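Let's take a walk through this model together, one piece at a time. Have the sequence and the 3D view ready as you read.

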Amino acid sequence: MIPALRLEGVSFSYGTVPVLANVSFSIASGERVALLGRNGAGKSTLVRLIAGLQRPDQGTVWVGDWDTRDCVPEQLAWRVATVFQHADQQLFATSVRDDVSFGPRALGVGEREVQRRTDSALQDVDLTAHADQHPYDLPPGLRKLAALAGALALEPALLVLDEPIIGLDRALRARVTRALLERSAASVALLVITHDLTFAAETFDRGLVLDRGTLACDERLVSLLGDATRLEPLGLVPPPMAALSTALGLPGRPVREAEVARELARVARGRLAP
Amino acid sequence: MKSLTLDHASFWYPATESPALRDVSLEVAPGEVVALVGALGAGASTLLLVAGDLAPRMTGGRLEGTAARRDRSGIVLPTPWTQVSGMAFTVWDEVAFGPANLGWPAHEISRQVDRALERLELVPLASRDPATLSGGELQRVIIAAILAMDPGLVLFDEPAAELDAEGACTLWRLIRVLAKEGKGILLATSALDALPEVADRVVWLEQGAVRAVGTPDLLAEAAACEAGLGTSVATVWRDSELPEPAPLTIIDAVRRWR
């Protein structure tokens with residue numbers, strides 16, 4: 001089976017400033033992958049390479065069986081949908097609905113299908129009530145969600161998101177998690193940059209960590225996020241649930257909130273039992 | 001005099017009928033860190049704009065009640081790329097842009113810029129073009145640029161959103177230092193787990209109005225947790241239906257668990 005995304009020995013520099021060095025990994029359909037690392041580690045540059053906005057100096061970025069070097073970004077949009085770090089720059093229509101429907105319409109799908117995808121994407125991120133508003137009348141967090149809805153409406157094989165939950169409250173973060181889990185269940189591959197390791201723990205299975213342009217770590221998040229000594233040199237700290245699990249010695253060291261709650265209740269019941 | 005005094009402030013954006021802020025009275029003392037928490041759209045960003053004299057002066061709209069500041073204020077917006085001047089080709093010059101526009105003598109500009117760069121751990125980036133920085137690096141530049149103007153009241157809107165873990169830790173520590181130096185700090189953030197260490201007082205906003213005010217212990221209360229405004233530890237403790245009171249932090253939880 002061809003992976004949804006494969007990087008082979010990718011290196012990239014901005015002029016004389018090296019950003020990525022010999023990065024290789026692949027992501028299968030339906031996989032949920034968090035891309036972690038310090039500010040300036042090269043995460044956003046990686047997103048630009050996958051979207052075809054930059055070309056690697058060395059190595060190859062494969063989106064399915066397409067070499068991104070042979071594709072222009074609008075071709076890649078058939079397979080990859082991207083929310084960039086500064087999502088404001090992606091929004092240009094005078095209503096959220098028009099913005100979200102632009103992508104599928106540009107792909108040339110029928111008008112009825114455009115409407116279906118638009119309605120479904122708006123609903124997925126709880127933006128239906130804001131559909132007729134101007135995107136710039138929304139707070140920054142909701143503008144990012146509007147860009148996310150636009151990406152979802154493309155119904156791509158691969159979703160690449162740069163910090164999708166900045167500025168969102170707990171309820172909307174949970175909504176984004178749910179929307180991404182649903183897409184993953186429908187075989188969409190996810191690669192998502194985040195500094196919020198709570199969001200990472202709740203939403204993704206696998207973590208890639210970039211450290212000064214190299215891939216320093218590629219493993220299951222559940223084992224990585226509880227290990228403070230390994231996280232520290234990568235500029236990361238365990239999320240609160242992982243730290244709580246460790247501090248209380250919870251069996252299995254869960255890192256997701258529902259699992260921690262279940263373990264807490266179970267251990268507490270055990271203590272009370274005669 | 002307080003660093004900031006809002007007295008029965010209500011604010012309407014242009015062409016809107018319902019107010020974004022409703023009858024908010026709030027004081028920030030010199031040396032105090034006050035955190036604004038609430039659901040998205042609760043009014044925290046609007047409150048900061050009013051506190052910083054940007055609303056209605058820049059936004060238009062209508063203010064009822066008053067907002068009074070003792071000193072000059074500085075605001076850090078949640079989207080750093082909208083706050084960068086675009087007129088400087090190095091980080092040093094970007095940070096100097098504000099002080100230069102205040103008409104300060106060159107030696108004072110240099111002193112403030114160097115100090116701000118040091119505080120945000122930006123010295124190694126001082127000669128970089130701001131346009132080549134990552135989002136988190138740019139966010140630190142914007143914070144440095146605001147602090148270089150030495151405002152008496154600093155208004156932060158989601159200042160850690162773009163920052164990595166180390167950058168966020170540096171910022172939270174710096175905010176406590178700024179308070180110790182006598183600055184008033186008003187901080188809107190969704191980083192609730194940081195607040196027990198950072199904030200003296202928490203103001204919970206709901207639909208533009210103040211719903212509750214208290215110490216950070218407020219974030220362990222049942223109502224806050226139900227509204228999605230509890231710390232992670234308090235929230236999971238309550239989800240597990242463990243006995244009251246819910247702990248606020250991991251240290252509290254360890255104490256309770258024994």
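Which residue is the bridge partner of B:Val37 in strand 8 of chain B? The bridge partner is B:Trp204. Before going further, a word on the ground rules: this is a predicted model, where local features need pLDDT of at least 70, side-chain atom pairs count only at pLDDT 80 or more, and totals for chains, interfaces and linings use all residues. Residues are numbered from 1 along each chain as its sequence is written, while chains are lettered from A and ligands numbered from 1 in the order in which they are written.

Let's stay with chain B for a moment. Strand 3 (residues 33–37) of chain B runs parallel to strand 8 of chain B, and 4 bridges join them. Here helices (H or I, at least four residues) and strands (E, at least two) are DSSP runs, numbered from the N terminus, and two strands pair if DSSP finds at least two bridges between them. Strand 8 of chain B is also joined to strand 9 of chain B, this time antiparallel, by 5 bridges. In that pairing B:Leu205 sits opposite B:Val210 of strand 9 of chain B. Strands 8 and 9 of chain B make a hairpin with 2 residues between them, and B:Gln207 in the turn has a positive phi of about 50 degrees.

Now step back to the domains. Chain B is divided into domain 1 (4–216) and domain 2 (217–258), with bounds that come from an automatic or database domain assignment. Their C-alpha centres lie 28 Å apart. The contact between them takes 12 residues from domain 1 of chain B and 11 residues from domain 2 of chain B; two residues are in contact if their C-beta atoms, placed from the backbone, lie within 7 Å. On the domain 1 side, helix 6 (195–198), strand 8 (201–206) and strand 9 (209–214) of chain B each give two or more residues. That side has 9 nonpolar residues, 2 polar and 1 charged. In this count Ala, Val, Leu, Ile, Met, Phe, Trp, Tyr, Cys and Pro are nonpolar, Asp, Glu, Lys and Arg are charged, and the others, Gly among them, are polar.

Over to chain A, which has 11 helices and 10 strands. Chain A has a radius of gyration of 19 Å, close to the 19 Å that the globule rule gives for 274 residues, so it is as compact as a globular protein of that length. (The radius is taken over C-alpha atoms, and the rule is 2.2 Å times the number of residues to the power 0.38.) Of those 274 residues, 53% count as buried, meaning that 20 or more other C-beta atoms lie within 10 Å of a residue's own; 12 or fewer makes it exposed, anything in between partly exposed, with C-beta atoms placed from the backbone.

Look for the open sheet in chain A: 6 strands in the order 6-7-8-3-9-10, with mixed pairing. Strand 6 (80–83) and strand 10 (214–220) of chain A are at the edges with a single partner strand each, so one side of each has no neighbour in the sheet. Inside the sheet, strand 3 (residues 32–37) and strand 9 (residues 206–211) of chain A pair in the parallel sense over 5 bridges, and A:Ala34 stands opposite A:Gly207 of strand 9 of chain A. Helix 1 (residues 43–50) of chain A packs on the sheet, and its direction makes about 145 degrees with that of strand 7 of chain A. Helix 6 of chain A packs on the sheet too, at about 150 degrees to strand 8 of chain A. For these angles, axes are lines fitted to C-alpha atoms, for helices over the stretch in contact, and angles run from 0 to 180 degrees between N-to-C directions.

Finally, where do the chains meet? The contact takes 36 residues from chain A and 34 residues from chain B. Helix 5 (140–153), helix 6 (170–185), helix 10 (240–248) and helix 11 (257–272) of chain A each supply at least two residues of the chain A side. That side has 21 nonpolar, 10 polar and 5 charged residues. In helix 10 of chain A, the buried residues include A:Met241 and A:Leu244. Their cover includes helix 7 (197–203) and helix 11 of chain A, together with helix 8 (232–239) and helix 9 (250–257) of chain B.
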